[in-house]
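Subject: Structure handover

Hello,

Here is the structure I promised to pass on. Please open it first, then read my notes below.

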Amino acid sequence: MNRKHRLRLFALAAAVTAAALVAAGCSSSSSSPSSGAATASAPGITATQILIGSHQPLTGPAAPGYSEIAPASNAYFQYVNAHGGIYGRKIKYTYLDDAYDPSKTTSVVHQLVLQDSVYAIFNGLGTPTHLSVVSYLNSSKVPDLFVASGCACWNNPSAYPYTFGYQTDYIREGKILGSYIKQHYAGKKIGYFYQNDEFGQDGVKGLNYEIPHSQVVSQQSYVPTNVNVGPQVAALKTAGAQVVVLFAIPAFVALFKLTSLKLSYSPTLAASNVGTDPSTLAGLLEAFAKQGGATVSGNALTQGIITDYYLPSVGNTGNSWITLFKKIHDTYIPKLPFDGNVLYGMAVAYAFVQAMMKAGKNPTRAALVNAINGGLPQGPAVAPFAYSATNHSGVTGVYIGSIQNGVLVQQGSVLVTDDTPTGAVTTFTGAEQTAPASGMP
Amino acid sequence: MTLARHVGAAIVAAVVIWVLTVQLSPFRDYQLADIAVYVVAIAGLTVLIGLSGQISLGNGAFMAIGAYATALLQMHLNWPLWALFPASAAIAAVAGVAVGAAAARLHGPYLAGATLLLAVALPSFATQFPGVFGGDQGLSVTVTTPAALGAAFPPTRWLAWINVGTALIVLVLLANLAHSRIGRSWRAIRDDETAAALAGLNVARLRILAFVVSAACAGLAGAMLAVWSSQVSPGAFTVTLSIALLTGAVIGGLGSLAGALWGSLVIVLVPTYVTDVATSHGLSGTVAANIPVAVYGVVLIAVMLIFPEGIQGGLRRFWGITPPAATTPLARLTLRRRPPASEHQEEGTS
């Protein structure tokens, strides 16, 4: 490479760098919040648009299944935009990848809040990930709506006035699963397999409120970064656990199932809905088995797993919400499977639109928080929300179901409870709502 | 004389950056603070590789030690920020003594392998002992902007001040060290160990010292990272981080501390900028999430093709500045001491 040639290459590189810097400068200046329109009532809100952001695991260990959630929410927003928007404004939803890594979440969320000036963070996914930004969002007074995690920690209105949960929290879920197991498996030996963070620990807390301690023979935990669950499965087998309750993400429910098969151990499985979307789980089982050189039928392996859910089952085709969301799915995201993740993404987007409609025509950030503090109709959820000024928990109950031929089948009625050690698990007596004909709240 | 020149340059840089932080948006301040973290870590690595001729693939682990030290000292002993930084650097330096003592006996790929082991193994301590280190969730670190600056003062500007200020101090110290008797001794053992030993230099002790300096820098960078992201979790300190540091040092140019700045700019800005472009051009989130990795790889290849001696080396050549006497043998040496190709390939897969 002669000197002239090298100079030319350098000039090229310099020109590219300069162009990049100019473009970077433009992008930061154009995103300043106050563009002067009369109806720009808050950062991220202009006369024509509402900008919201999220952190989602689009790559990494939690991506299988969960990476469908944000596109599904976005599909519902597109549907709303096509049907008049929210008081005429269109929703723009920017979701960035944090790979389920708390250290990436902080930088992604700073980018959304500081550079893009989003109005709110919506449905940020994951317990460990979102915990790393919850203080920052609240000290910056950014609404932090409907965190995609059932950690009871989001319900802390005095410390986190801007944060709201959405799905049934893991303590409630653990209590309801626990009360079912106590009734149906009296006297059996019970084991736990849980993710060793707030997700699994909250679930275990709920289980222990209901299941007698004498029945629990072994409690095993895992961390998502270590995929070898052999020692835990072996310990549960040795302890003779006849029923194993899992508070695990889908990949680890699949690993647990495959590892237990390998060890010729087949306890009854009961699992948190976090890990049991039937099609995600079946897909993972088949993929993992294939990596190990075996062929299995995912649906055969998920058969009979006991679980719970706070939304109607996607297999329940007669349900008005399923009909509505299937229609939106077929229009906007036909390439994704219509599974529990897509349903979840649309249901939580529906709750966001409900909250925005209630917050009024030109809402401030505080107005949105006040709107939710005043309570929201339950929408697609099977039980009411707990939202009030003093309670930021989401859905208050679930129904128990089991996976039959790759579909979640509801068993019995919806059960509700609170997140205290003594609050009873009771049958929900109210009615579920039907989807509005317009598909808009 | 050199001290005065370095301090003068640092003061000028401080003024320029002070103006920048006030002018830039809060997000740019936040990025500036991030860049400062990498400047410190990569500068330490540049000293180790460029001056003493050793290599480390484990500096991400020393960053983890510094970061966890910061979080634990703040959580249990409630130490103030100004004490946390030096303490974290000191704790990482102690770890550096241990590793350096072992490493001083190893060369080339063996040294790379031994330090790589550290980078792989250390983060799993956090998940093995969740009671102390908080597991995957990690620990939180709180930074409060001094009340004297006023309630409207952007917290990210304060972060930028802390981190950039620290980085400037580190650069002045390292620049002086490089020009001191110790720096000259390092260059001597780097260029010819046997000759240096015959000349009366204690080769083993000097090699360990270089390791300690680089570990202290990494530990300090870890503390800065903890403060910047207000939390510490094992996900931040994977092998990828250690390799990113080495990449930054090589891209920037191993011969000089200024190279650390260029390397940090590439490491921090390329991924964010590419994600912005990808999302603003309407690519789906899943595709946009994977593009930065690809572009990063292309940038690496391009830089190495255009500037085989790193960006700083390329700039010197462009302006026709004769490289200092030390750089020419260094370039030869770093090529010889560079870890085998297999380790570079790991960037693609990890």
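Let me start with one strand. Phe146(A) sits in strand β4 (residues 144-147) of chain A. Helices and strands here are DSSP runs numbered from the N terminus: H or I of at least four residues for helices, E of at least two for strands. Phe146(A) is not a glycine, yet its phi is positive, at about 55°. Phe146(A) counts as buried because it has 27 C-beta neighbours inside 10 Å. The cut-offs are these: buried means 20 or more other C-beta atoms within 10 Å of the residue's own, exposed means 12 or fewer, and partly exposed lies in between, with C-beta atoms placed from the backbone.

Some housekeeping. This is a predicted model, in which local features need pLDDT of at least 70, side-chain atom pairs count only at pLDDT 80 or more, and totals for chains, interfaces and linings use all residues. Residues are numbered from 1 along each chain as its sequence is written, while chains are lettered from A and ligands numbered from 1 in the order in which they are written.

**Chain A**

Ser117(A) is in the loop between α4 (102-115) and β3 (120-122) of chain A. Ser117(A) is buried because 20 other C-beta atoms lie within 10 Å.

Now the whole chain. Chain A has 15 helices and 13 strands. Its C-alpha trace spans about 75 × 65 × 40 Å along the principal axes. Of the 441 residues, 54% count as buried. Among contacts in chain A with a separation of 6 or more, 69% join residues 24 or more positions apart. A contact means two C-beta atoms, placed from the backbone, within 7 Å.

The domain assignment of chain A gives domain 1 (1-30), domain 2 (49-168 + 318-395) and domain 3 (171-309). These bounds come from an automatic or database domain assignment. The C-alpha centres of domain 2 and domain 3 of chain A are 28 Å apart. Between them, 16 residues of domain 2 of chain A are in contact with 15 residues of domain 3 of chain A. On the domain 2 side, α2 (63-66), α5 (127-131) and α14 (340-359) of chain A each supply at least two residues. By class, that side has 8 nonpolar, 7 polar and 1 charged residues. Ala, Val, Leu, Ile, Met, Phe, Trp, Tyr, Cys and Pro count as nonpolar, Asp, Glu, Lys and Arg as charged, and the others, Gly among them, as polar.

**Where the chains meet**

In the interface, 30 residues of chain B are in contact with 36 residues of chain A. On the chain B side, the elements giving two or more residues are α2 (26-51), α13 (257-280), α14 (285-306) and α15 (310-318) of chain B. That side has 9 nonpolar, 18 polar and 3 charged residues.

**The largest core**

Which residues touch the most other members of the largest nonpolar core? They are Met346(A), Val40(B), Ala41(B) and Ala43(B), in a core of 240 residues. A nonpolar core is a set of buried Ala, Val, Leu, Ile, Met, Phe, Trp, Tyr and Cys residues joined through C-beta atoms within 7 Å. Helix α11 (residues 203-229) of chain B gives the most to this core, with 19 residues. Val40(B) touches Thr166(B), Cys217(B) and Met224(B), among others.

α2(B) is mostly covered, with 24 of its 26 residues buried. Tyr38(B) lies in this helix. Tyr38(B) counts as buried because it has 27 C-beta neighbours inside 10 Å. Its contacts include Gly248(B), Ser264(B), Ile267(B) and Val268(B). Just after α2(B), Gly53(B) takes a positive phi of about 75°.

Contrast α1(B): the number of buried residues is 2 of 22, so this helix lies largely in the open.

Best wishes

Terms used:
Lists of a residue's contacts leave out its neighbours within four places in sequence.
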